[in-house]
Amino acid sequence: MHETIVLGAGMVGVSIAHHLAERGQSVVLVDRRPPGQETSFGNAGLIQREAVQPHPFPRDLASMWRVLPNNRIDIRYRAGAMFTAAEPLLGYWRNSAPDRLARIVPEYASLIMHCTTEHAHMIDAADAHALIRKDGWLDVFRTPSVFEEQQARAADIHRRFGVEYQILDSQALARTEPGLSTDLIGAIHWTNSWSVTDPGALVQAYARSFEQLGGQLLQADATDLENTATGWRLSTDQGPLEAKNVVLATGPWSNRWLEPLGYQVPLFHMRGYHMHYAPAADATLHHAFLDHEKGYLLSPKRAGLRLTTGAELNTLDAAPRSGQLDAAEAQARAVFPFGARVDPEPWKGARPCVADMKPIIGPAPRHDNLWFAFGHGHQGFTLGPVTGRLVGQMMAGETPTVDMQPFRVDRF
């Protein structure tokens, strides 16, 4: 019998398992796929120290009108899926109001502010330095009014949350990235954020480090979770597992585990796509960049140039829809030259989002020795190691580094 089962081997689950193993616990990490092969595999590969504000929904009529035709790169939707998730989506829209968002941001930022420190701890443990670049990334702009607005925001989050940045005018941007289109008028260079050349490989490196600490990886299809007299029994196609504690780090699949246990949380999914491209012979991309006003991100990776889309509001298992990625590719090719598609088909994944934009981290209120760690939205990759340390501290009865009240499930 193990002390703890961690269900879910994405960045969040692997980080939790690693921190528990560091504390000497007997831990088994369970997933139907190898570590880092689901949501953590497909992200833009940024550790976003600047991401102190979650992504709100548009509230003004002009922005909502622009979204309505459903042809944007940064956000698309399927009406049926929005109806299915109407309640959490409405909650998210309400929490996007300026007064509510102003209360959420400091709580959310309390996690983000530890992201690079906590990744550094696990990078050292896993000897994964070769995967990390600490030269930041670029937020690039097309129109002066938007650029000026975002410069003011950058100054604000620098003052409040220690985010570091540099402003690049068009000439400085051209020196930094000579291959970019001269249509871009400048950029914000987020200098204390990091990038990862292979996101899936980083999760796998952390998982190997977990195994070196004595942890056990089990690739198995988990089917049922039962509360027993001594703790928990997890049924899998490889046989049952028993442990005193269970941590659900189940990302977009969390409701499948919560509902049989009687928990209702306002969770919905934002899907995303990526594709790798061969580099062009005459241009090298040195930094990831976000085309701020279009909503795609292009970043250099081991596998090629990775193009990632914005969000698609859709159900978890709906068939892929290629229009968003196709539109992103057309826009990106007008800004930076690159070659043919490398992957046989686009990658598709889902981000687990909560109505109040904050992840759910902490103990289950109606079951002993059951812990939740999901709902990180766009920032599970960034926040995995932070979450790992906090869960480890709470399970050990220590005072967490961060006030965890805003992230408890019973806030709902």
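Mentor: Let's start with Asp156, which counts as partly exposed because its relative accessibility is 24%, and buried would mean under 20%. Keep in mind that this is a predicted model. The side chain of Asp156 meets that of Arg160 in a salt bridge, with 3.2 Å from N to O. Arg160 is partly exposed too, at 36% relative accessibility. Where do Asp156 and Arg160 lie? Both belong to helix α8, four residues apart, which is about one turn of the helix.

A search of the whole structure finds 21 salt bridges, and another of them joins Asp326 to Arg341, with the closest N and O atoms 3.0 Å apart. Asp326 lies in helix α12 (residues 323–335) and Arg341 in strand β19 (residues 338–341), so this pair ties together parts that are 15 residues apart in sequence. Asp326 is partly exposed at 36% relative accessibility, and Arg341 is partly exposed with a relative accessible area of 36%.

Arg408 and Asp410 form a salt bridge as well, their closest N and O atoms being 3.2 Å apart. Arg408 counts as partly exposed at 25% relative accessibility, and so does Asp410 at 40%. Salt bridges can also share partners: Glu107, Asp356, Lys358 and Arg411 are joined into one network in this way.

To finish, look at some charges gathered on the surface. Arg59, Arg94, Arg100 and Arg103 form a patch of positive charge there. One of them, Arg100, sits in helix α6 (residues 98–112) and is partly exposed, with 35% relative accessibility. A nonpolar surface patch of about 390 Å² is made by Leu61, Met64, Leu90 and Trp93. Helices α3 (61–67) and α5 (86–95) each supply at least two residues of that nonpolar patch. Trp93 has its place in α5 and is partly exposed, with a relative accessible area of 31%.

Methods
Residues numbered from 1 in each chain as written. Predicted model: local features only at pLDDT ≥ 70, side-chain atom pairs only at ≥ 80, totals over all residues. Heavy atoms only, no water. Patch = residues over 30% accessible without salt bridge, like charges linked within 9 Å, V, L, I, M, F, W, Y side chains within 5 Å. Areas by Shrake-Rupley, 256 points an atom, 1.4 Å probe, with all protein chains shown as cover. Salt bridge = Lys/Arg side-chain N within 4 Å of Asp/Glu carboxyl O. Lys, Arg positive; Asp, Glu negative; His and termini not counted. Charge placed at Lys NZ, Arg CZ, Asp CG, Glu CD. Buried < 20%, exposed > 50% of the residue type's maximum accessible area, 1.4 Å probe, protein only.
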